[in-house]
Amino acid sequence: MESALSEDSSTRPSVESTSTPQQRVLIRLFQRINFHKKLAHYVSLYSESDSATSGRMRLRKVSEMVATEEEYVRNLGVLIDDYLEPLRRSCASSAPLCTADDIDNLFSNLETLRTLNRTLLTRLKTRMTNTYPAFFLFGDIFVEVVPAMKLYLDYISGVSGALATYTTLLNKSTEFSEWVSDRLSVQKARREDASESDGRPILDLPSLLVLPLQRITAYSKLLEDILTYTK
């Protein structure tokens with residue numbers, strides 16, 4: 001009796017071996033269901049953990065960084081395509097709206113900044129398409145870009161002068177005032193044609209001119225928020 005009880009379990013017939021084919025199918029099905037329940041339980045525990053919460057918040061902040069960078073680059077395009085380039089062409093016409101010096105005072109090295117931020121945006125978006133954990137890691141991108149950010153110093157130091165030039169032109173030239181107003185109408189019509197009704201405001205020239213100053217300040221806050229959720 002004792003030898004029978006102490007018989008190695010490996011010599012005993014398994015449940016599946018003594019079951020009918022239909023029973024074996026059910027046994028395997030219940031085993032899979034049990035496995036998935038356990039897996040769901042562990043996933044639920046992890047999703048509620050501090051580590052998972054930090055990861056979600058970090059991804060949200062990184063996504064915010066990319067989305068706001070895209071909007072910023074788009075607005076730089078509006079500033080250049082709708083204002084700088086037309087005014088530059090106007091200077092070469094028989095009825096210029098302003099002088100070449102006015103253009104320099106208004107826009108400084110804006111085109112260089114757009115090139116810089118286009119590159120930054122492309123690299124951020126490319127990194128976001130990578131698989132985990134690569135899309136979480138983008139500090140190297142900013143380490144490489146930060147030295148080039150000194151280009152912003154020239155622009156920022158001239159923002160007050162740019163706004164003063166704008167005010168002077170607006171007050172002394174009816175043609176310039178009407179042209180600026182027309183630019184806003186062009187932007188509105190273009191947005192309506194593109195069926196863009198996401199609530200984004202249409203920015204006037206002064207609001208567009210201060211965007212680089214606002215953006216360079218925003219980087220500090222965005223990176224600080226991301227670091228808060230980085231473990």
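This is a predicted model: local features need pLDDT of at least 70, side-chain atom pairs count only at pLDDT 80 or more; totals for chains, interfaces and linings use all residues.

User: What makes Arg190 and Asp82 a salt bridge?

Analyst: Their closest N and O atoms are 2.5 Å apart. The rule asks for a side-chain nitrogen of Lys or Arg within 4 Å of a carboxyl oxygen of Asp or Glu. Arg190 and Asp82 therefore form a salt bridge.

User: Which parts does the pair of Arg190 and Asp82 tie together?

Analyst: Arg190 lies in helix H9 (residues 174–193) and Asp82 in helix H3, so the pair ties together parts that are 108 residues apart in sequence.

User: Why is Arg190 called partly exposed?

Analyst: Its relative accessibility is 39%. Buried is under 20% and exposed is over 50%, with partly exposed in between. Arg190 therefore counts as partly exposed.

User: How do you know that Arg127 forms a salt bridge with Asp140?

Analyst: The closest N and O atoms of Arg127 and Asp140 are 3.0 Å apart. The limit is 4 Å, so the pair passes. Arg127 is in helix H5 (residues 110–128) and Asp140 in helix H6 (residues 139–145), 13 residues apart.

User: What labels do Arg127 and Asp140 get for accessibility?

Analyst: Arg127 has 17% relative accessibility. That value falls under the 20% limit, so Arg127 counts as buried. Asp140 has a relative accessible area of 35%. This lies between 20% and 50%, so Asp140 is partly exposed.

User: What makes Lys61 and Glu64 a salt bridge?

Analyst: The N to O distance is 3.6 Å. It is within 4 Å, so the pair qualifies. Both residues lie in helix H3 (residues 50–91), three residues apart, about one turn of the helix. Lys61, at 18% relative accessibility, counts as buried. Glu64, at 33%, counts as partly exposed.

User: How many salt bridges does the rule give?

Analyst: The count comes to twelve. As background, side chains of opposite charge can pair when their charged atoms come close.

User: What does the secondary structure come to?

Analyst: The protein has eleven helices and zero strands. Of its 231 residues, 32% count as buried. Among contacts between residues at least 6 apart in sequence, 73% join residues at least 24 apart.

User: How many cavities of 30 Å³ or more are there, and what is the volume of the largest?

Analyst: There are two cavities of 30 Å³ or more. Helix H4 (100–107) and helix H8 (159–172) each give two or more residues. H8 gives the most, with three.

User: What makes up the lining of the largest cavity by class?

Analyst: It has six nonpolar, three polar and no charged residues.

User: Which residues line the second largest cavity, and what are their classes?

Analyst: Among them are Arg74, Asn75, Gln187 and Arg191. The lining has five nonpolar, two polar and two charged residues. Arg counts as charged, so Arg74 and Arg191 belong to that class. The largest share of this lining, three residues, comes from H3. This cavity holds about 30 Å³ of space.

Key
Residues are numbered from 1 along each chain as its sequence is written. Side-chain values use heavy atoms; hydrogens and water are left out. Helices (H or I, at least four residues) and strands (E, at least two) are DSSP runs, numbered from the N terminus. Buried means under 20% relative accessible area, exposed over 50%, partly exposed in between (1.4 Å probe, protein chains only). Contact means heavy atoms within 4.5 Å. On a 1 Å grid over the protein atoms alone, a cavity is a set of points where a 1.4 Å probe fits but cannot get out, and a pocket is an open set with protein on both sides within 12 Å along at least five of seven lines; lining residues have an atom within 4 Å of a point. Grid points are joined across faces, edges and corners, and a volume is the space filled by probe spheres set on the points.
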